[in-house]
Structure formats: C-alpha cells, structure tokens
Amino acid sequence: MPVRAKLCGIRSESDLRIAVAAGADAVGFIAGITHVSEDALDADRAAWLAGHTPPFVTRVLVTHLESAAAIVDLAERIGVDAIQIHGLVTDETVRQVRSAARQRIIRAVHVTGPEAVDAARAAAADCDAVLLDSRTDDRLGGTGRTHDWSVSAAIVDELHQRGHPVVLAGGLNAANVADAIRTVRPFAVDVNSGVEHPSGDKSAEACATFVTAAHTTPL
C-alpha cells in the first residue's frame, strides 16, 4: 500500500489546484490558530476552498483551538472530512471532539524527545490517527524542522501493533521524504513549508515530486 500524502497550508485557489494536480490524497486548511502560521485562513475563505476541493481528496481542518465546541463548530462551518487537532489540548477535549464531531480525528503529538512515545500511545486511544510533528516555542507546526526520526519510528512500531495509523510531519520536503518514509514507515506524510516558494505559495514542481516520492517509495 503506498504511503499517502497530505499537502497542508492550502491558502489559495492556485495552491489547491497545484495540490490536486500533484495527486495529493489530502489537503489541509489552517484555521483557528493560537500560534504563528502564515497560512492561516478565516472560516469563510477555508469554506470556499473546501467547497472547491474535488471528490476523493480528503479535506482536513488544522486548528489550534482548545475548546471542543469551538473545534466542532469550525469544522462544520468549513465543511471538512477530518479534523487535525494541532493545539495544546487535553485528552478530555479530544474525547469530546470525537464524540461530537462527524469527522475523523487526527491528533498532533510533538516529538521533542523519547517521551513522545508515551504521549503518542496515550493520544491514540482517542483519535483515528496520530500525527507526529516538530515544534518551537512560537510554532506548533510549519517549523520547517525535522525531529528525531528514530523516536517517530519507535512510535510507528508501537502503534502499528495496535492498528493505529501514524502520519509523519515536520521538516519534510521533496528531497528528504523518501528517506523519512524508509526510516519511519508511516501510514502517511504531511508537508507544508517544504513544498513552497519563498513567497509562501505552493510550488507545482515540489508538490508533484513530494507526492510521487510518497506514493512510490517502498516501505
């Protein structure tokens, strides 16, 4: 089974068109933020883009919101297929979102050290997939930095036995995604800044190369 590819930080019709042409399995719309993100959208703009995403491409809300009710309301307003809870939320909040939302739930775990293995194990109990990302003091994602892939690989090994998909993010790009896949063996990979021009717009060439590498690199 090929590794799936999500292109995140879609912020314009051009970005969306490029992601779809590249063969992305999923696209991410960032809305409801508490930390820095140059790709953040208001709900109306995100809803317009979600509404113009073709069938069979999964639409993902990526949000930092910490209130379950606010997260569910935003997801419904935009019209997405999955919610990526990327904020610093409690386990109880994730459970409330999962109980109330009709969408699939992805929970971000920030890999800052070996303790992420326990954090991912705990997170998996209340979501449909765990996403492993890097972080800095002011950013919960979009850092452009990789983390320790050996920790991510240990998480994949741990959660695979339990049937929980793991998505790898954090500093990925067209040049390193194949190595990341071979090292970590994730269910999917997720990229944002690694396939952008300096302007912040998506690069058609980088997006296509990234998705092709994800779909063709053997596990």
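**View 1. Eight strands close into a barrel.** The strand order is E1-E2-E3-E4-E5-E6-E7-E8, with parallel pairing. From one strand to the next, the twist averages 25 degrees. The model is predicted: local features need pLDDT of at least 70, side-chain atom pairs count only at pLDDT 80 or more, and totals for chains, interfaces and linings use all residues. Residues are numbered from 1 along each chain as its sequence is written, and side-chain values use heavy atoms, without hydrogens and water. Strands (E, at least two residues) and helices (H or I, at least four) are DSSP runs numbered from the N terminus. Pairing requires at least two DSSP bridges between two strands. Axes are lines fitted to C-alpha atoms, for helices over the stretch in contact; angles run from 0 to 180 degrees between N-to-C directions.

**View 2. Strand E4 with strands E3 and E5.** E3 (residues 58-63) runs parallel to E4 (residues 82-85), joined by four bridges. Val62 stands opposite Gln84 in E4. E4 also pairs with E5 in the parallel sense, over four bridges. Here Ile83 faces Ile105 in E5.

**View 3. Strand E5, strand E6 and helix H5.** Five bridges join the parallel strands E5 and E6. His110 has Asp133 in E6 as its bridge partner. H5 (residues 116-124) lies across E5 (104-110) and E6 (129-133), at about 165 degrees to E5. Contact means heavy atoms within 4.5 Å. E5, H5 and E6 form a right-handed β-α-β unit.

**View 4. The setting of strand E5.** Six of its seven residues are buried, so E5 is largely enclosed by the rest of the structure. Buried means under 20% relative accessible area, exposed over 50%, and partly exposed in between (1.4 Å probe, protein chains only).

Methods: Right-handed = clockwise from strand over helix to strand, strands pointing away.
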